[in-house]
Amino acid sequence: MWPNTSEAPFLLTGFPGLEAAHHWISIPFFAVYISVLLGNGTLLYLIKADRSLHEPMYYFLAMLAATDLTVTLTTMPTVMGLLWGNHREISPGACFLQAYFIHSLSIVESGILLAMAYDRFIAICTPLRYNSILTNNQMMKIGLGVLMRGFLSLLSPILPLCWFPYCHSHVLSHAFCLHQDVMKLACADITFNRVYPIILVALTFFLDALMIFVSYILILKTVVGIASGEEQGKALNTCVSHITCVLVFYITVIGLTFIHRFGTHVPHVVHVTMSYAYFLFPPFMNPLIYSIKTKQIQRSIVRLFSVHSRA
């Protein structure tokens with residue numbers, strides 16, 4: 001029996017009341033995880049191998065796919081370990097590190113979606129200056145800025161978790177570690193850890209969503225001014241995939257936020273299911289959306305399979 005101190009491991013939780021069915025629940029989870037790895041891995045390979053995809057739009061898509069892959073690889077070991085082998089224990093250090101990556105990568109993903117909106121804005125509103133604005137150097141700066149914002153902004157709430165004493169229950173409510181889940185178990189003043197995330201969400205997710213919305217209003221205004229209906233359709237078609245990914249991401253974010261804030265009387269299984277949807281649905285959908293909606297990606301996939309079939 002572990003002593004009730006900060007050094008004791010945390011205990012992960014799967015689906016309460018459905019422990020006997022965890023082996024069956026693991027089947028769709030494993031299928032989704034494999035689909036996420038294959039889908040995003042294929043996108044990364046196509047963008048690297050196909051020179052016709054060496055454009056800013058697809059470089060941002062590669063960043064999105066890499067982020068989705070990393071999020072998946074961050075949660076997959078604990079989720080599948082619990083569902084397959086009922087491995088509930090996780091050390092404090094591993095737990096804090098997992099929470100850090102999960103939350104940082106969420107902000108990184110939001111930043112990439114904003115960068116993709118900026119790419120579409122430049123491509124449609126100032127097409128003649130597109131290549132001079134989005135140079136390789138500029139792309140690297142944007143990518144680095146998005147990463148730094150995500151990973152540096154989460155140090156402040158995550159580091160105190162390492163110093164807090166945990167003298168209450170060590171049982172978490174998910175099969176992975178979340179900041180809001182861990183901080184509630186601390187026997188310390190957690191005022192900063194309660195307030196800071198609210199400010200951070202306002203300055204990242206909310207502000208990103210607002211700027212994406214404004215960019216698409218300006219894009220729509222520009223497209224309406226285009227005389228040809230065919231050209232209007234072509235311009236908007238390049239935005240469809242991105243708009244769909246934005247909706248998938250922010251709808252799951254808003255849904256999870258509302259459940260956590262206002263769903264006190266909602267069954268716990270709904271909380272758990274929404275958390276899994278938040279971490280699995282966007283990474284699962286993004287490759288499908290771009291494969292279905294983007295002709296360049298479709299042609300690249302066809303070329304990939306035709307090369308392998310001839311080999």
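**Exercise 1.** Does Phe15 count as buried or exposed, and at what relative accessibility?

*Solution.* The structure is a predicted model, in which local features need pLDDT of at least 70, side-chain atom pairs count only at pLDDT 80 or more, and totals for chains, interfaces and linings use all residues. Residues are numbered from 1 along each chain as its sequence is written, and side-chain values use heavy atoms, with hydrogens and water left out. Step one is the cut-off: buried means under 20% relative accessible area, exposed over 50%, partly exposed in between (1.4 Å probe, protein chains only). Step two is the value: Phe15 has 8% relative accessibility, so Phe15 counts as buried.

**Exercise 2.** Classify the ring pair of Phe15 and Phe29.

*Solution.* Rings of Phe, Tyr and Trp (its six-membered ring) pair if their centres lie within 6.5 Å; planes under 30 degrees apart count as stacked, over 60 as edge-to-face and the rest as tilted. The whole structure holds 16 aromatic pairs. For Phe15 and Phe29 the centres are 5.9 Å apart and the planes stand at 65°, so this pair is edge-to-face. Phe15 sits in the loop between strand S1 (10-11) and helix H1 (22-49), and Phe29 in helix H1, 14 residues apart. Phe29, at 11% relative accessibility, counts as buried.

**Exercise 3.** Classify the ring pair of Phe205 and Phe249, and locate both residues.

*Solution.* The centres lie 6.1 Å apart with the planes at 35°, so the pair of Phe205 and Phe249 is tilted. Phe205 belongs to helix H8 (residues 191-224) and Phe249 to helix H9 (residues 229-262), so the pair ties together parts 44 residues apart in sequence. Helices here are DSSP runs (H or I, at least four residues) and strands likewise (E, at least two), numbered from the N terminus.
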